[in-house]
Amino acid sequence: MITLTKDVAEAQVELFSSIIWNPDDLIEVRILPKRQQIYCKASELTSHVDSLWELNQDGQNIYVGVNPRIRKGGKTEDVKCFRTFFVDWDGVSLDYVSHAYEAAGVETPTIIIASGHGY
């Protein structure tokens with residue numbers, strides 16, 4: 001298992017960004033419970049890692065909208081396109097997730113993220 005440090009987080013954000021977005025995609029980052037949002041180009045997300053790291057260390061949860069936006073906003077009509085399909089599995093093991101995909105006949109996910117409460 002990888003120990004998460006700020007440097008590792010930055011490398012993971014850079015890899016994640018390169019896999020699911022085009023560099024010019026507008027993406028949304030939500031910070032909860034603070035109820036703050038950041039909008040930036042996918043290519044600029046790594047420049048926010050330091051401040052997001054600090055917010056997370058202070059107990060804030062960081063969520064990233066996986067589908068790009070056409071403008072700032074959290075409504076369905078603000079989504080540019082649906083390039084990514086995602087599932088949020090809370091309170092389960094990685095083994096459970098793997099078996100669930102296999103049993104459903106669904107392709108293996110490109111990325112699985114350990115969020116701390118699930119995958």
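In this short talk I will go through the sheet, the nonpolar core and some of the salt bridges of the structure above. It is a predicted model, in which local features need pLDDT of at least 70 and side-chain atom pairs count only at pLDDT 80 or more, while totals for chains, interfaces and linings use all residues. Residues are numbered from 1 along each chain as its sequence is written, and side-chain values use heavy atoms, with hydrogens and water left out.

Let me begin with the sheet. Strand 1 and strand 2 pair in the antiparallel sense over 6 bridges, and Ile31 stands opposite Gln36 in strand 2.

Now to the core. What I call a nonpolar core is a set of buried Ala, Val, Leu, Ile, Met, Phe, Trp, Tyr and Cys residues joined through side-chain atoms within 4.5 Å, where buried means under 20% relative accessible area, exposed over 50%, and partly exposed in between, with a 1.4 Å probe and protein chains only. The largest such core has 13 residues, of which Trp21, Ile27, Leu45 and Leu52 touch the most other members. Helix 1 (6-20), strand 1 (26-32), strand 2 (36-41) and helix 2 (49-57) each supply at least two residues of this core, and strand 1 gives the most, with 3 residues.

Two of these residues deserve a word. Leaving aside neighbours within four places in sequence, Leu45 is in contact with Val13, Ser17, Trp21, Ile27, Val29 and Cys40. Leu52, found in helix 2, counts as buried at 11% relative accessibility, and, not counting residues up to four places away in sequence, Leu52 touches Val29, Ile31, Ile38 and Ile62.

Finally, the charged pairs. With a salt bridge taken as a side-chain nitrogen of Lys or Arg within 4 Å of a carboxyl oxygen of Asp or Glu, the count comes to 8 salt bridges. One of them joins Lys6 and Asp50, whose closest N and O atoms are 3.9 Å apart, and this pair links helix 1 with helix 2 across 44 residues. Lys6 also meets Glu54 in a salt bridge at 3.6 Å, N to O, so that parts 48 residues apart in sequence are tied together. Lys6, at 28% relative accessible area, is partly exposed, as is Glu54 at 40%. Another salt bridge joins Glu28 and Arg30 at 2.7 Å between the closest N and O atoms; here Glu28 is buried, at 1%, whereas Arg30 is partly exposed, at 33%. Through shared partners, salt bridges join Lys6, Asp50 and Glu54 into one network.

Terms used. Helix = DSSP H or I, 4+ residues; strand = E, 2+ residues; numbered from the N terminus. Contact = heavy atoms within 4.5 Å. Pairing = 2+ DSSP bridges.
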